Amino acid sequence: MLGKFFKCVTYCMFSVTMILLLSCSTKQGAINDLRSFSYELRDNSAYYDVNDWKEALNKFANLRDKISRYGYTAEEYRTIGRLEGECAGYMVKGAKDGIINRIGTCASELEGMLEGILEGMGSE
């Protein structure tokens, strides 16, 4: 009888430990997902097209929703705020850089077109 009691207590302790580990893992996973997303934006947002931006905004909203499901310490909230700020900054910078890159490409194409027109007009 005592052996069954200890097995039951051990099982309960193991179950509680697993629940705590999984909840911490998921809670920390939400922060890690936000961190990974900030790296993605940092490295690639200058090359995003309209569809990429739609996906990025949806992902950001989903990450914020996921994070809102958990309670965090003050330090964790500070980290979350910093990462959200980085994401916002990378979004603005990526959009700006993308526009500048496209303008530069269009300007080069327009310059080449004008050169072609002038050459074509000069050869007559």
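Helices and strands are DSSP runs, numbered from the N terminus. In these terms, Ser45 is placed in the loop between α1 and α2. The structure described here is a predicted model. Its chain has three helices and zero strands, in the order α-α-α along the sequence.

**Overall composition**

- The chain has 124 residues, and buried residues make up 21% of them.
- The accessible surface of the chain amounts to about 9,200 Å². Carbon and sulfur atoms account for 64% of that surface.

**The nonpolar core**

- The largest nonpolar core consists of 16 residues. Leu34, Phe37 and Leu41 are the residues with the most contacts inside this core.
- Two or more core residues come from each of α1 (2–44), α2 (50–68) and α3 (74–122).
- Once its neighbours within four places in sequence are set aside, Leu41 is in contact with Tyr48, Ala56, Cys87, Tyr90 and Met91.
- As general background, nonpolar side chains in soluble globular proteins tend to be buried together.

- Helix α2 is made up of 19 residues. From its first C-alpha to its last it reaches 27 Å, close to the 27 Å expected at 1.5 Å a residue.
- The buried residues of α2 are Trp53, Ala56, Phe60, Leu63 and Ile67. Viewed down the helix axis, the buried residues of α2 fall within an arc of 85°, so they line one face of the helix.
- In general, an α-helix has 3.6 residues a turn, so residues three or four places apart point the same way.
- The face of α2 that is turned away from the buried side carries the exposed residues Val50, Lys54, Glu55, Asn62 and Ser68.
- At the start of α2, a side-chain oxygen of Asp49 comes to within 3.1 Å of the backbone nitrogen of Asn51.

- Leu57 lies in helix α2.
- The C-alpha atoms of Leu57 and Met91 are separated by 9.1 Å, although the two residues are 34 residues apart along the chain.
- Asp65 is also found in helix α2. With 40% relative accessibility, Asp65 counts as partly exposed.
- Asp65 and Ala30 are 35 residues apart along the chain, and their C-alpha atoms are separated by 9.6 Å.

**Two buried serines**

- Ser38 belongs to helix α1. Ser38 has a relative accessible area of 0% and is therefore buried.
- Not counting residues up to four places away in sequence, Ser38 touches Leu83, Glu86, Cys87 and Tyr90.
- Ser45, in the loop between α1 and α2, has a relative accessible area of 3% and is likewise buried.
- The side chain of Ser45 reaches the backbone oxygen of Tyr90 at 3.3 Å.
- Leaving aside neighbours within four places in sequence, Ser45 is in contact with Glu40, Trp53, Tyr90 and Gly94.

- Gly98 is situated in helix α3. Its relative accessibility is 3%, and because buried means under 20%, Gly98 counts as buried.
- The C-alpha atoms of Gly98 and Tyr47 are separated by 5.9 Å, while the two residues are 51 residues apart along the chain.

Note on methods. Residues are numbered from 1 along each chain as its sequence is written. This is a predicted model: local features need pLDDT of at least 70, side-chain atom pairs count only at pLDDT 80 or more; totals for chains, interfaces and linings use all residues. Side-chain values use heavy atoms; hydrogens and water are left out. A nonpolar core is a set of buried Ala, Val, Leu, Ile, Met, Phe, Trp, Tyr and Cys residues joined through side-chain atoms within 4.5 Å. Buried means under 20% relative accessible area, exposed over 50%, partly exposed in between (1.4 Å probe, protein chains only). Helices (H or I, at least four residues) and strands (E, at least two) are DSSP runs, numbered from the N terminus. Contact means heavy atoms within 4.5 Å. Accessible areas come from the Shrake-Rupley method with a 1.4 Å probe; for residues, only the protein chains shown count as cover. The expected span of a helix is 1.5 Å times one less than its number of residues. The arc is that of the directions from the helix axis to the C-beta atoms. A polar contact is a pair of N or O atoms within 3.5 Å; within protein, one must be able to donate a hydrogen and the other to accept it, and residues adjacent in sequence count only if both atoms are side-chain atoms.
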